[in-house]
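Work through the exercises below with the sequence and the model side by side. Try each task before reading its solution.

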Amino acid sequence: MSKSKLHILCQQRGWELPTYEVNKQGHDHNPLFYATVTVNASSFSTSSPSSSSKKAKSDAAELALNHFSLPAPSLSAGCSSGSAGVNTRPSTGGTLQLNQQDAKPTHLSNEAVGSFQKR
C-alpha cells in the first residue's frame with residue numbers, strides 16, 4: 001500500500017518514480033531484508049530487517065511517505081506552538097507576546113525571537 005501511495009505522490013509532484021534497492025542478509029533458510037528507496041534525490045533506508053523483500057520495500061516507502069507528508073514548519077503569526085523553544089500566546093491588540101517563563105532551552109538560536117504582528 002505504501003509503495004502505491006509513494007508512486008502516486010511522485011506522479012502528483014512531477015518527480016521521477018521511486019527506485020528501490022534491496023539487500024539480503026543472513027542464511028538462505030532464514031534471510032533478512034533491508035531496503036532503500038530513492039525519491040526526488042533523497043534516500044530512505046529501513047533500519048530494522050524484514051522477513052521478505054516486499055515488506056522491506058513497503059517499510060522504506062512508508063519512511064519516504066512520512067517524510068514528504070510532514071507539513072513545512074511555519075513562523076506565521078497565528079501559530080500557537082511557539083518558536084525556538086519560546087511559548088507564544090495571543091494578546092489583545094493583535095500582537096503575540098512572548099512568554100519566556102515556561103520556555104525550555106533548545107539547541108536553536110533565539111536570535112529570531114521577537115514580537116510578531118498579525119496581518
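**Exercise 1. Describe the pairing of β1 and β2.**

Solution. Strand β1 covers residues 19-25 and strand β2 covers residues 32-39. They pair in the antiparallel sense over 7 bridges. Strands here are DSSP runs of E with at least two residues, helices are runs of H or I with at least four, and both are numbered from the N terminus. Two strands pair if DSSP finds at least two bridges between them. Then look at the hairpin, which has 6 residues between the strands. There Gly26 takes a positive phi near 90°.

The model is predicted: local features need pLDDT of at least 70, side-chain atom pairs count only at pLDDT 80 or more, and totals for chains, interfaces and linings use all residues. Residues are numbered from 1 along each chain as its sequence is written, and side-chain values use heavy atoms, with hydrogens and water left out.

**Exercise 2. Find the strand order of the sheet.**

Solution. The open sheet has 3 strands in the order β1-β2-β3, with antiparallel pairing. β1 and β3 (42-45) are the edge strands, each pairing on one side only. From one strand to the next, the twist averages 20°. β2 and β3 pair over 4 bridges, in the antiparallel sense. Thr38 has Ser43 in β3 as its bridge partner.

**Exercise 3. Is Ser2 buried or exposed?**

Solution. Start with its location: Ser2 lies in helix α1. Its relative accessible area is 12%, so Ser2 is buried. Exposed would need over 50%. Leaving out residues up to four places away in sequence, Ser2 touches Ser58, Ala61, Glu62 and Leu65. Contact means heavy atoms within 4.5 Å.

**Exercise 4. Which stretch has pLDDT below 50?**

Solution. pLDDT is the predictor's confidence in each residue, from 0 to 100. The chain mean is 74, and 60% of residues reach 70 or more. Over residues 79-119 the pLDDT is below 50. Beyond near neighbours in sequence, this stretch has 47 contacts in the model. Where pLDDT is low, the predicted coordinates should not be read in detail.

Key: Axes fitted to C-alpha atoms, helices over the stretch in contact; angles between N-to-C directions. Buried < 20%, exposed > 50% of the residue type's maximum accessible area, 1.4 Å probe, protein only.
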